Amino acid sequence: MLAVALHPCAQELSLREIAERLVNSTGKTKGQHPSAATVMRMLRDHDERALEASGHG
């Protein structure tokens, strides 16, 4: 789901717009859209991991 979220994020869509485009594929919420907060956490975690991998963290 992260890969799908990164593309609209690059297009500067809002978190709510990104969440509307995503659909959970596993778990108890399968088939539902994630919340904007979930999308924000997912993108923040990705940015933190990318920063650590580049050696700046």
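Modeller: Welcome! We can start with charge pairs: the count in this structure comes to one salt bridge. Please keep in mind that this is a predicted model.

Colleague: Thanks! Which residues form the salt bridge, and how far apart are the closest N and O atoms?

Modeller: The general idea is that side chains of opposite charge can pair when their charged atoms come close. To count here, a side-chain nitrogen of Lys or Arg has to be within 4 Å of a carboxyl oxygen of Asp or Glu. In this model the partners are Arg-44 and Asp-45, with 3.7 Å between their closest N and O atoms.

Colleague: How should I describe the accessibility of Arg-44 and of Asp-45?

Modeller: The reading rests on relative accessible area: buried is under 20%, exposed is over 50%, and partly exposed is in between. Arg-44 has 40%, so Arg-44 is partly exposed. Asp-45 has 31%, so Asp-45 counts as partly exposed too.

Colleague: Where do the positive and negative charges of the protein chain sit on average?

Modeller: Here you compare two mean positions. The protein chain has 7 positive and 7 negative charges, and their mean positions lie 10 Å apart.

Colleague: Could we step back to the overall fold? How many helices and strands are there?

Modeller: The protein chain has three helices and zero strands, so reading along the sequence gives the pattern α-α-α. Its C-alpha atoms fill a box of roughly 35 × 25 × 15 Å along the principal axes. Of the 57 residues, 18% count as buried. The chain exposes about 4,300 Å², and carbon and sulfur atoms supply 53% of that area.

Colleague: What share of the contacts between residues at least 6 apart in sequence joins residues at least 24 apart?

Modeller: That share is 27% in this chain.

Colleague: Now a single residue, please. Where is Asn-24 placed, and is Asn-24 buried or exposed?

Modeller: Asn-24 is in the loop between helix H2 (15-21) and helix H3 (36-53). Its relative accessibility is 13%, so Asn-24 counts as buried.

Colleague: What does Asn-24 touch?

Modeller: Leaving aside residues up to four places away in sequence, Asn-24 touches Met-1, Thr-29, Lys-30, Gly-31, Gln-32, His-33 and Pro-34. With one of them, Thr-29, the side chain of Asn-24 makes a side-chain polar contact at 2.9 Å.

Conventions: Residues are numbered from 1 along each chain as its sequence is written. This is a predicted model: local features need pLDDT of at least 70, side-chain atom pairs count only at pLDDT 80 or more; totals for chains, interfaces and linings use all residues. Side-chain values use heavy atoms; hydrogens and water are left out. Helices (H or I, at least four residues) and strands (E, at least two) are DSSP runs, numbered from the N terminus. Buried means under 20% relative accessible area, exposed over 50%, partly exposed in between (1.4 Å probe, protein chains only). Contact means heavy atoms within 4.5 Å. Accessible areas come from the Shrake-Rupley method with a 1.4 Å probe; for residues, only the protein chains shown count as cover. Lys and Arg count as positive and Asp and Glu as negative; His and the chain ends are not counted. The place of a charge is taken as NZ of Lys, CZ of Arg, CG of Asp or CD of Glu. A polar contact is a pair of N or O atoms within 3.5 Å; within protein, one must be able to donate a hydrogen and the other to accept it, and residues adjacent in sequence count only if both atoms are side-chain atoms.
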